[in-house]
Amino acid sequence: MKYNEISHFSHPQHILKFEYTEFPFKCDGCKEIGIGSRYSCAACNFDLHSHCAIPSATISHPFYPKCSFQFMSRPPTEDGPRYCNACEKDVTGFVYHCRACGFDLHPCCAKLPMVLDDGEVKLYLYRKVSASCHKCGKKGRSWCYRSSCKRYNLHVACVREMLVESWHDIYVGLGKGGGSGGGGARRGLPTRIPSLKDTLQTPHNRSKSKKKKCCEMAGLALQFVISAVLGDPTTLIAGVIGSLMSRA
């Protein structure tokens, strides 16, 4: 359910307003990258993914049928550092935690769609696949989106790595070419969406036409996965990313 305005325990001093942005942001709840729908306090530069702003108290997941995940504002500390079982990245903020099994899921990872479908291409979410990822060339690293034809595989972890690498300088406050104000840096952000140039690690032993088609299909898969991992798997965001990637 979407609300135009909400109050939130993590930012009690101000109301958070729903907005839609084509610029990436860092969620102050789960501490992960986001784009698209968010709840924001412009005065404090405070942002939350929609999934973090309006979480469920408990959730279940088809990959872990015996688990009950509880929403927590900070990860448990009794067993040391935590990592997300979906993307294998550190958990440093909001999290869904199963006390019985010790599993953890970032809120956006917990809500990743089981199927991404644009009417032409379908990608299915798997807990693990035996085939190699088109980004890293490795197997079984994290949850993976796989096309219905089973030719295209992308680890959720690899997509997250691409995003972090591409936008790292933004988050440490560099914002090259953005001037002294924050607006310039924000205007430069979309050009930092990952390029497809180095995405495919699988060698092609095919004709040029087949190679081109393969790259186009893998590129489309990457668009879908990026939009899902960022917490807003919408056609608009996928289209924005696709148009930017096509310029690379």
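Is Glu 88 buried, partly exposed or exposed, and at what relative accessibility? In the predicted model examined here, Glu 88 counts as partly exposed, at 39% relative accessibility. The residue is placed in the loop between β7 (82-83) and β8 (90-91), and Glu 88 has a positive phi of about 65 degrees although it is not a glycine. A positive phi in a residue other than glycine is also found at Asn 45, with a value near 55 degrees. Asn 45 belongs to the loop between β3 and β4 and is exposed, since its relative accessible area of 52% lies over the 50% limit for that class.

The mean pLDDT of the protein is 75, with 65% of its residues at 70 or more. Strand β9 (residues 95-97) has the highest confidence, at 97, whereas helix α4 (residues 182-188) has the lowest, at a mean of 36. Over residues 169-206 the pLDDT stays under 50, and the model has 59 contacts beyond four places in sequence for this stretch. The pLDDT likewise stays under 50 over residues 240-248, for which 16 such contacts beyond four places in sequence are present in the model.

Strand β3 (residues 33-41) and β4 run antiparallel and are joined by four bridges, with Ser 40 standing opposite Asp 47 in β4. Strand β2 (residues 16-26) contains Phe 18, which is partly exposed at a relative accessible area of 22%. The C-alpha atoms of Phe 18 and Cys 41 are 9.2 Å apart in space, while the two residues are separated by 23 residues in sequence.

A second open sheet of four strands, also with antiparallel pairing, has the order β5-β6-β9-β10. Strands β5 and β10 (104-105) stand at its edges with a single partner strand each, so that one side of each is left without a neighbour in the sheet. Two bridges join β9 to β10, and these strands run antiparallel; the bridge partner of His 97 in β10 is Asp 104.

Charged side chains were examined next, and the count comes to three salt bridges. Glu 19 forms a salt bridge with Arg 38, with the closest N and O atoms 2.5 Å apart. Because Glu 19 lies in strand β2 and Arg 38 in strand β3, this pair ties together parts that are 19 residues apart in sequence. Glu 19 is partly exposed, with a relative accessible area of 30%, whereas Arg 38 counts as buried at 6% relative accessibility. Arg 38 also meets the side chain of Asp 47 in a salt bridge of 3.3 Å, N to O, and Asp 47 is buried, with a relative accessible area of 4%. The remaining pair is formed by Arg 82 and Asp 104, whose closest N and O atoms are 2.8 Å apart. This pair links distant parts of the chain, with Arg 82 in strand β7 and Asp 104 in strand β10, 22 residues apart. Both Arg 82 and Asp 104 are buried. Through shared partners, salt bridges join Glu 19, Arg 38 and Asp 47 into one network.

A search of the whole structure finds eight aromatic pairs. Among them, Phe 63 and Trp 143 form an edge-to-face pair, at 4.8 Å centre to centre and with 90 degrees between the planes. Phe 63 lies in the loop between β5 (58-61) and β6 (64-72) and Trp 143 in the loop between β12 (122-126) and β13 (144-147), so the pair ties together parts that are 80 residues apart in sequence. Phe 63 counts as buried at 15% relative accessibility, and Trp 143 counts as buried at 1%. The rings of Phe 71 and Tyr 96 have their centres 5.6 Å apart and their planes at 65 degrees, so this pair is edge-to-face. With Phe 71 in strand β6 and Tyr 96 in strand β9, the pair ties together parts that are 25 residues apart in sequence; both Phe 71 and Tyr 96 are buried.

Key. Residues are numbered from 1 along each chain as its sequence is written. Side-chain values use heavy atoms; hydrogens and water are left out. Two strands pair if DSSP finds at least two bridges between them. pLDDT is the predictor's confidence in each residue, from 0 to 100. Contact means heavy atoms within 4.5 Å. Buried means under 20% relative accessible area, exposed over 50%, partly exposed in between (1.4 Å probe, protein chains only). Rings of Phe, Tyr and Trp (its six-membered ring) pair if their centres lie within 6.5 Å; planes under 30 degrees apart count as stacked, over 60 as edge-to-face and the rest as tilted. A salt bridge is a side-chain nitrogen of Lys or Arg within 4 Å of a carboxyl oxygen of Asp or Glu.
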